[in-house]
Amino acid sequence: MKKTLLYGVCGMLMTLTGCAIKNDIPYPTVEGSIQALEVEGQCDADGNSSTQATINKTDRTVTLYVDDTVDRSKLRITKLTVSNDATLIPFDSTQCNNYKRFPDVGFSSLDDLPLSADTRMDFSNSVSFTLRTYQDYLWTVSVEQIINQNIVLENQIGNAIIDNITRSVVIYVSTSQDLSAIKVNTFNLGGAHGTVVPDPTEEETFDFSQPVSFFVSRAWEEVSYKWTVYVYQKEDDSTAADADVFAMATRAYLNGSITSGKQPVVEYRKASDSSWTTLASSAVTVSGTSYKATLTGLTPGTAYQYRTTVDNVNGSTLSFSTAPATELTDGSFDNWYQDGKLWNPWASGGESFWDTGNRGATTISDSNSVPTDETCNGSGQAALLESKYLVLKFAAGNIFTGSYLKTVGTNGVLSFGREFTSFPSKLRIHYKYTPATINRVGDDDYEWLKGRSDSCHIYIALTDWDEPYEIRTRPSERQLLDKTSSNIIAYAELIRGDEVATWQETDLELEYRYTNRTPKYILIVATSSKYGDFFTGGEGSKLWVDNFELIYD
């Protein structure tokens with residue numbers, strides 16, 4: 001009996017030891033991404049103060065600009081936040097000023113780090129970071145320095161020709177200008193914060209009858225370099241007519257060159273008209289040898305002519321056409337069809353311009369963005385967007401221009417934006433709203449909202465993305481719209497947290513951040529819970545929207 005038991009135990013042990021224990025459980029996919037990045041001297045592409053970096057989570061790149069007060073080879077990072085507590089590893093340790101003291105975690109400010117930490121890096125070339133979670137994610141950061149070298153002499157013709165390789169400058173002035181006594185208005189050869197010795201702006205006039213040497217240093221440099229400036233006379237045969245024009249739907253922006261000290265007069269007309277309209281002088285700004293002018297009140301989709309006059313001499317007649325006043329597709333929200341539990345905001349058999357999160361909602365429940373005959377004008381249909389708790393998680397009612405791509409678990413992947421190339425001034429909307437108290441919080445960062453009134457959110461963005469923007473709501477790989485992104489040309493929004501019991505007509509006036517770029521996509525989003533992307537809001541919040549219209553004025 002004992003012998004039999006012993007054999008059985010031995011056989012079991014042999015069986016166990018003969019089996020290799022294999023771990024077939026895969027690591028979870030937890031994406032590491034750069035959420036924010038700031039450095040000393042950060043600015044925008046024009047050199048104006050700004051802390052906004054362009055973060056592309058698809059390509060895993062960050063692009064930012066710095067002014068001429070900092071040395072890119074020893075540039076201090078002041079903020080670098082990452083997702084999911086990813087470990088931060090510089091790809092090339094030699095680019096760190098002190099690799100051993102560089103932090104291995106994200107930080108919101110330098111105050112979060114030990115005093116011994118050193119966040120300086122050499123950004124003369126692009127810098128890469130590995131963000132390590134369960135996987136490694138390689139991110140690349142590029143820093144461009146903006147050094148605005150600007151020289152303006154009295155009666156200067158055109159911009160100074162500045163050669164940073166040979167350290168030489170060529171400037172032309174009119175034949176009426178005495179080379180031995182030229183008033184110097186601006187001489188930023190070392191950038192806005194650099195130094196020039198001698199400083200010609202300190203003299204009433206300066207002698208440029210012979211080539212002049214200056215010693216120039218930039219703000220971060222301890223050494224100076226010798227530059228040579230050549231000033232020549234030439235016939236002033238230029239007018240302000242050689243202007244570039246960027247036409248929108250109801251306005252156009254002119255940028256041209258002019259002889260220093262001159263004032264252009266701008267005239268314009270429809271190509272079909274015979275008489276000219278003179279632009280008010282207040283709409284023309286002259287700076288050195290450049291000028292800008294803004295034409296407003298234009299008719300969309302129309303051919304125009306313009307010309308400039310300097311010293312009573314008319315320039316050439318040039319042409320441009322304004323962009324058409326493109327209407328918003330299906331802005332009435334009249335077209336819907338139902339496929340089982342799924343409500344779609346377009347006609348059966350038609351093409352979609354708008355979509356909702358219903359495809360995600362109907363995987364576990366019913367649609368929460370539906371048509372209603374409770375409209376703003378008593379006809380057709382409107383969209384009713386309701387926030388609900390759908391068995392497993394909170395879902396805000398929503399509608400947007402774009403398409404719902406897929407559901408990952410209980411999370412949505414969306415394609416934001418539809419092709420669009422015009423320049424509306426406003427989005428006119430009709431809406432009403434009943435907020436509920438926020439009782440669902442899907443993200444600890446928003447726990448403080450619990451017990452407060454919910455808010456609806458309606459916004460419009462004109463963008464120049466190369467393709468529609470992908471939205472992902474899964475927390476481990478969350479990618480949402482950043483309204484400060486440099487790809488957003490114009491933006492407007494409405495956030496409302498109180499009850500709007502009757503239909504209201506409201507205009508969302510677009511703020512154009514850039515007046516020299518043409519949109520590629522239009523994005524309009526309406527949601528019954530502002531923080532719905534974080535699965536946070538109040539059950540029962542309801543937003544009705546109807547008759548959205550693009551206004552051109």
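# Salt bridges and cysteines: worked exercises

Across the whole structure, a search finds 17 salt bridges, a salt bridge being a side-chain nitrogen of Lys or Arg within 4 Å of a carboxyl oxygen of Asp or Glu. The model is a predicted one, in which local features need pLDDT of at least 70 and side-chain atom pairs count only at pLDDT 80 or more, while totals for chains, interfaces and linings use all residues. Residues are numbered from 1 along each chain as its sequence is written, and side-chain values use heavy atoms, with hydrogens and water left out.

**Exercise 1.** Describe the salt bridge between Asp118 and Arg120, and state how accessible each partner is.

*Solution.* Begin with the general principle that side chains of opposite charge can pair when their charged atoms come close. Next, take the distance: the side chains of Asp118 and Arg120 meet at 3.0 Å, N to O. Then turn to accessibility, where buried means under 20% relative accessible area, exposed over 50%, and partly exposed in between (1.4 Å probe, protein chains only). Asp118, with a relative accessible area of 9%, is buried, whereas Arg120, with 25%, is partly exposed.

**Exercise 2.** Which parts of the chain does the salt bridge of Glu505 and Arg428 tie together?

*Solution.* First, the closest N and O atoms of Glu505 and Arg428 are 4.0 Å apart in this salt bridge. Second, Glu505 lies in strand S40 (residues 500-509) and Arg428 in strand S36 (residues 426-434), so the pair ties together parts that are 77 residues apart in sequence. Strands here are DSSP runs (E, at least two residues), numbered from the N terminus. Finally, Glu505 counts as exposed at 52% relative accessibility, and Arg428 counts as partly exposed at 23%.

**Exercise 3.** Locate the salt bridge of Arg440 and Glu539 along the sequence.

*Solution.* The side chains of Arg440 and Glu539 meet at 2.8 Å, N to O. Arg440 is in the loop between S36 and strand S37 (456-463), and Glu539 is in the loop between strand S42 (521-527) and strand S43 (542-551), so this pair ties together parts that are 99 residues apart in sequence. Arg440 is partly exposed, with a relative accessible area of 28%, and Glu539 also counts as partly exposed, at 32%.

**Exercise 4.** How many disulfides does a search of the whole structure find?

*Solution.* A disulfide is taken as a pair of cysteine sulfur atoms within 2.5 Å, and the search finds 0 of them. Cys376 is in no disulfide, and the nearest cysteine sulfur, that of Cys456, is 16 Å away. Cys376 is partly exposed, with a relative accessible area of 24%.

Key. Helices (H or I, at least four residues) and strands (E, at least two) are DSSP runs, numbered from the N terminus.
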